[in-house]
Every structure is written in structure tokens, then in C-alpha cells.
Amino acid sequence: MRTLFLHPPSYEDFDGGAGSRYQARREVRSFWYPTWLAQPAALVPDSRLVDAPPDGLTLEDVRPLARDYELAVLHTSTPSFAHDVRVAEALKADNPRLRVGFVGAHVAVNAGASLAASPAIDFVARSEFDFTIKEVAEGRPLSRVLGVSYRDGDVIRHTPERPKLENMDALPYVVDVYRRDLTIENYVIGYLRHPYVSLYTGRGCRSKCTFCLWPQTVGGHRYRTRSVEHVVDEVARAQRYFPQVGEFFFDDDTFTDDLPRAAAIARGLGRLGVTWSCNAKANVPYETLKVLKEHGLRLLLVGYESGNQRILNNVRKGVRLDVARRFTRDAKALGVRIHGTFVLGLPGETLETIAETIRFACELDPDTIQVSIAAPYPGTAMYRQALEEGWLDGRELVDGRGVQRSALSYPHLAHTEIFDSVDTFYRRFYFRPRKLFALAGEMAQDRRVLRRRLREGVEFVRFLAARRRGVGVTRAGVSGGHNNP
Ligand code: SF4
């Protein structure tokens, strides 16, 4: 079947594609690669991948595509699902013979309810969907495809689960799809060199953090990996395709879950002479960090989450604060940069623990930070806990403009307090003389960094100002009227 893979338009600048773990509009304009869609697209000959938000495409832009295809695979998420259904309905209205399938964590855990949301959705592919979509595109009847739920007249049927993919080298390279269908300059992440290219070298995470979406829905808790040669060869190909790339990013849940393998990949990358960055847990030993650094590692994206040990234990983070401190000292001593991510509003949070986490972040002093609000996604243990405890009160994960809001509220800590603390956190961290001098120093050394940081600085300050006023931010400026808590 002629197949379209689509990340549909929803909120403006919505970083919610098939590679974004927490789908929302960011403080500064950011987009992850739609890697989870690129992967099946690489398995279906002559398909096309359209990533609407980074390309600035609206519903009216993508509607005409409906007539050119027989199968449309839409990646959806909990925050964008209602929008994505409307896109499916519009495509179906323009081409009633188009078969429409939804993929993504949201439909993996809510298959029946997702299909019931609209007759425009013909099927959903649950869990890992690469080979599921390949078989559907080959024309196999849905009843004989593992891992789908589909509409059969008035009845919704579910085929048996598809076993997890074990031979990860069976997945073709996504960089061929990136080159064919994407404009890599459209993908921007503030703390990565621009343009960057992002890949996965494996799926799954051994940790069991209760809030974390992917391992609990599509990836699982075993780190299933591609061979070192397969990864290095894909990077070499990407080097040829995109000589302008500033760095590669390995977006595996926890690239450092398998330390000997991480070191082996690093050595291969070192031979290619590329600069690269990856996700890591705050417990990588000095010896491994040293090997990674010697072979091109520039930055680690580290989920510290909280500066309170009890909260880390509550969410089963599996990291001790003293280990995180040691790891951070080691990385800094080696010259590895850190983008630290923190979450406010996790179970056990109080105003005191928020203050503790802000102090912890300032003490660690990562190069840059991201502060998120705890997001109880369906399919996670934290979501089930929130339902049982009555911490959810019908609030959505994002507001009317796609900006994160606090869906959780505790008897001792209101959702408004959690929301407001994000602003406080950013200000206390960034508006310190030491941090401002460091950022100014970086800008003075590189004019491209200067231009970019100035633009991001304006976006960031505007975002904070809009947040305080309870309005959404648009690319053109500030616009009013969302349901700010
Ligand atoms: S270590 Fe990171 S990727 Fe793994 S479960 Fe925890 S939050 Fe998720």
C-alpha cells in the first residue's frame, strides 16, 4: 500500500512527535526527531514521512496528502490525541478509502477506547509497531497481523501481542528516511549543537521509574540493543549524508545501561571523529566517562529528577544523591557537559522538597537544566497511583496551547503551587551571577552560539512572563486565553 507516516499538526510548535518522551510545547522552540515513525517508514518501500510541527504544516497543508495514499499511519500522544483524531477525520473525509492507523504509547495502552473515539481510526498498532505496520502495508489482513486492534463492523477486535523485537539489527537505518523526507535544520534542541541528528542504538530501560512512559508502554525493561558495528556504520552513513551535522545524539532511554557496549560504540565513533551526546543515568563511573570523553562525548542528558532522596525512592529512580554528586563532579572534571533534568510534583513533593531540589540543582550546577512538571501518563505506575490516591481531578497534561500544566494535585500541595514553582526554579538557577557569566562567556567565544542564545533567551524570558500572566506564547508573540491553572 502507498503509505504515509504522519506526525499530525496539533498545537503550534508542539514537540510531541514520535521521539518526544513528554509531549509539550517547550520553553524555547525545540523538536526531537520522529524516530519511532522513521523506523517503520524505513521498512515500507516508497513510503513518505511527514513531520508537521517542525515543518510548520497546518491541517490544510496536510489534507491534500490523503488522496495520494492508501494507508496513513499517525503517531499520537495523550496530550495531542483529540487533535490527531480530528486530522484523521479530515483525511478520511477527503479520501474515504484511506486506511488510517494510529501508533504511539497512548493507543498502546488504550487500544479499545482509542478506536471508540472515532470511526475514522481503522486500527491501532500496539506496543512496538515497526513490523506490524510493515505487514499492514504489505496488505496482510488485520486479523492475521500480531499486535493490532481493529474495527470489524461494530466490533473491536484485538489480535495477540507481538513479541518484543530481539534482533535489533533487523531494523534498517533511519538516516535514509531522514535524508529522504526531513529537513534536519528544522530539528532544534537548545543544548545540542545545531543541526543535530538523533538515533537509537537500542530500546528499553532497566530502571523502573514509576513516571517514565516508554519503558512501561512500548520499550520494556530490558535494554535490547543493536550491534556496535550496526550503530557505527549508520553514523558513518549519516556523516556522508549530512556533513553539516554539529553532533549526533543517542536517544536510547539510558545509553549507559550497558557500560562495556557504550565504551565499544564510543571507540567506533572516535575512529569516525564525530562529536556525540547521549542520555545517561547519574551513576556512570569515572573510568567509563573517561573512555566516552576520549572518543568524542560532548554532553550527557541526565535525569536527576529531585534533590530529595525520599522522592527518588518513591518513584523508584534507583539513584542515590551522593552517587549523583560524585558522577557530576567526575563529568565536570573530565570536561563533559551536562544538561540536567528535574521534575517537580512527584509523589511526596512539598514546598520544602521543591526548595531542596532547587538548592541541589544550584549545587550540582549543570551547564543547562530543564524543569518539568510530573506528568501522569496512562500506562504508567504513577498514573495508576494517582487514580487510586485521588490526585487527578480531570486536569489535562497540557493547556490549550500545548504547554505543560500540573495534572497532579496533593492535599498538602496544590497544582498551582507545583506550576508556579517551575518559574521560581528557572529564575533561581539561571539568574545567578555565576551562571550568567558562564553563559556570557560561551557566547563571547562563538558568534553562532551568541545568535542562538540571544534568540532562545528572548523566547525563554517571554515564556516565563507568559506563564506568570497565565497566557500562552505564540511564535509571533504572546496571546491570551488558555486554561492556566
Ligand atoms: S532511568 Fe530514565 S529512561 Fe529509565 S525508567 Fe528511569 S526515567 Fe525512564
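Helices are DSSP runs of H or I with at least four residues, numbered from the N terminus. The model shown in these views is predicted.

**View 1. Helix α11 and the residue that follows.** Helix α11 comprises the 14 residues 259-272. At 1.5 Å a residue the helix should span 20 Å, and its end C-alpha atoms lie 20 Å apart, which agrees. After α11 comes G273, which has a positive phi, near 75°.

View 2. In α11, the buried residues are A262, I265, A266 and L269. Seen down the helix axis, these buried residues fall within an arc of 105°, and they therefore line one face of α11. An α-helix has 3.6 residues a turn, so residues three or four places apart point the same way. P260 and R271, on the other side of α11, are exposed. The partners against which the buried residues of α11 pack are α10 (228-241), β12 (276-280), α12 (286-294) and β13 (297-305).

**View 3. Surroundings of the ligand.** Around the ligand are C205, S207, C209, C212, P215, D253, T254, K281 and G303. Sorted by class, this shell holds four nonpolar, three polar and two charged residues.

**View 4. Contact between the two domains.** Domain 1 (3-158) and domain 2 (189-430) divide the protein chain. Their centres, taken over C-alpha atoms, are separated by 26 Å. Contacts join 22 residues of domain 1 to 21 residues of domain 2. On the side of domain 1 that touches domain 2, helix α5 (residues 105-109) gives the most, with four residues. By class, the residues of that side of domain 1 are eleven nonpolar, eight polar and three charged.

Definitions and conventions
Residues numbered from 1 in each chain as written. Predicted model: local features only at pLDDT ≥ 70, side-chain atom pairs only at ≥ 80, totals over all residues. Near = placed C-beta within 6 Å. Nonpolar A, V, L, I, M, F, W, Y, C, P; charged D, E, K, R; others polar. Helix = DSSP H or I, 4+ residues; strand = E, 2+ residues; numbered from the N terminus. Expected span 1.5 Å × (residues − 1). Buried ≥ 20, exposed ≤ 12 C-beta atoms within 10 Å, placed from the backbone. Arc of directions from axis to C-beta. Contact = placed C-beta atoms within 7 Å. Domains from an automatic or database assignment.
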